[in-house]
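Hello,

Here is the structure we talked about handing over. Please look through it first; my notes follow below.

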Amino acid sequence: MTSDEQSNAVLMAEDDFPDRQQVVQRFGDLAPDGTTSTVALSRLFEHPRVGLRFSRFDKLTADDGFKPYQILFVGQRVERQTAFGKVGATVRIGTGIRAIGRSSYTYGQGMFVDGHLVATAEATIVLADESGPITLPDELLADLEELRLPETGAAVAAKPEPRRRERQHYPAAATVHSRVRDVDLNRHVNYIAQLGWYDEAIASYAHGLLGDDAAKTLPRYLPWCYSVAYLGEVLHPRSYDIGIAVSGHDEHIVHYELGLFDSGKCLGTADAAAPRGKLSATALAPDPLAER
């Protein structure tokens with residue numbers, strides 16, 4: 001976590017959020033190590049975000065006062081601040097608006113257990129039609145302003161650098177296969193399912209470095225922080241390649257860069273931070289594994 005991110009986390013309290021809801025944790029939210037997984041965090045954050053109502057904009061669309069549009073989920077960041085998790089336990093999730101743009105807006109969220117911040121999230125939405133992004137209507141802008149969070153200096157995620165869209169940027173790779181359960185009502189692979197694919201890729205990478213003897217400890221190597229950009233439609237049934245690169249590491253943390261590819265076309269990128277565990281500096285040097 002950077003110093004800026006740490007300061008943002010310290011400033012966040014449950015009362016800072018204009019909308020606060022309670023969500024119950026399920027058995028399926030727990031990773032094999034017994035803690036709430038980062039992918040499950042994304043799912044838990046989704047529930048109150050999707051349920052948030054925009055009264056003016058809802059009336060505008062109900063009265064046919066706004067042309068047909070699509071809601072595009074273009075990016076998310078989710079970070080676990082501390083390990084936690086218990087089946088049947090409740091968490092409190094605060095939701096507000098972090099940033100408002102011409103055609104997009106970004107949610108900011110915090111998850112609390114017994115009043116303590118345990119996880120944070122951001123999610124960026126774009127309104128678009130067949131020709132591309134469209135200007136947010138005044139009614140929606142008014143709704144968003146009512147939900148705006150106190151200024152914390154949080155940066156809105158930028159588009160990935162061009163090199164991140166190139167397959168050759170990633171010295172290692174893992175193949176993932178779409179499943180029926182990955183597909184949502186929009187008939188493409190859901191963004192949370194794609195986050196799980198990145199988990200699969202990192203687990204495959206760590207397994208290749210550690211060998212079969214470490215298979216039972218692989219959950220320890222999964223990321224606690226993701227920042228993801230969604231660049232194209234991911235369909236089913238398909239197989240995809242996830243490129244993997246180690247962008248840096250220290251004594252405790254490995255930083256990964258990942259890219260989701262379909263026949264060389266980049267459909268998404270992710271930055272992740274994960275425990276280093278027993279991964280050696282030699283293994284984490286550039287190109288430790290041949291492309292698979």
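This is a predicted model: local features need pLDDT of at least 70, side-chain atom pairs count only at pLDDT 80 or more; totals for chains, interfaces and linings use all residues.

**A buried threonine and its surroundings**

T269 sits in strand β11, which covers residues 265-275. Its relative accessible area is 3%. Buried means under 20%, so T269 counts as buried.

**Two helix pairs**

Two packed helices are described by the angle between their axes and the distance between the axes. Both values are given here for each pair.

Take α2 and α5 to begin with. Helix α2 spans residues 38-51 and helix α5 spans residues 191-210. They pack at an angle of about 165°. Their axes are 9 Å apart. Angles over 145 degrees count as roughly antiparallel, and α2 and α5 are therefore roughly antiparallel to each other. The crossing of α2 past α5 is right-handed. On the α2 side, the contact is made by T38, V39, S42, R43, E46 and R49. On the α5 side, it is made by Y191, I192, L195, G196 and D199. By class, the residues of this contact are four nonpolar, three polar and four charged.

Now α3 and α4. Helix α3 runs over residues 55-62, and helix α4 over residues 138-146. The axes of α3 and α4 come within 7 Å. They cross at roughly 160°. That angle makes α3 and α4 roughly antiparallel to each other too. The crossing of α3 and α4 is left-handed. From α3, the residues S55, R56, F57 and L60 take part. They meet E139, L140, A142, D143 and E146 of α4. The contact of α3 with α4 divides into four nonpolar, one polar and four charged residues.

**E145, in α4**

E145 belongs to helix α4. Is E145 buried or partly exposed? E145 is partly exposed, because its relative accessible area is 46%. The side chains of E145 and R148 are joined by a polar contact of 3.1 Å. E145 and A123 are 22 residues apart along the chain. Their C-alpha atoms are separated by 16 Å.

**H236, in a loop**

H236 lies in the loop between β8 (225-230) and β9 (239-249). H236 has 30% relative accessibility, so it counts as partly exposed. Which residues does H236 touch, not counting those up to four places away in sequence? They are S178, R179, V180, V183 and V189. With S178 there is also a polar contact between side chains, at 2.7 Å. For V180, the C-alpha atom is 7.2 Å from that of H236. Along the chain, H236 and V180 are 56 residues apart.

**L210, in α5**

L210 is found in helix α5. Its relative accessibility is 23%, so L210 counts as partly exposed. Setting aside residues up to four places away in sequence, L210 touches L218, Y221, K278 and L279. The C-alpha atoms of L210 and H236 are separated by 32 Å. Those two residues are 26 apart along the chain.

That is everything for this handover.

Best wishes

Technical notes. Residues are numbered from 1 along each chain as its sequence is written. Side-chain values use heavy atoms; hydrogens and water are left out. Axes are lines fitted to C-alpha atoms, for helices over the stretch in contact, and angles run from 0 to 180 degrees between N-to-C directions. Helices (H or I, at least four residues) and strands (E, at least two) are DSSP runs, numbered from the N terminus. Angles under 35 degrees count as roughly parallel, over 145 as roughly antiparallel, 65 to 115 as roughly perpendicular and the rest as oblique. A crossing is left-handed if the near helix is turned anticlockwise from the far one by less than a right angle, and right-handed if clockwise. Contact means heavy atoms within 4.5 Å. Ala, Val, Leu, Ile, Met, Phe, Trp, Tyr, Cys and Pro count as nonpolar, Asp, Glu, Lys and Arg as charged, and the others, Gly among them, as polar. Buried means under 20% relative accessible area, exposed over 50%, partly exposed in between (1.4 Å probe, protein chains only). A polar contact is a pair of N or O atoms within 3.5 Å; within protein, one must be able to donate a hydrogen and the other to accept it, and residues adjacent in sequence count only if both atoms are side-chain atoms.
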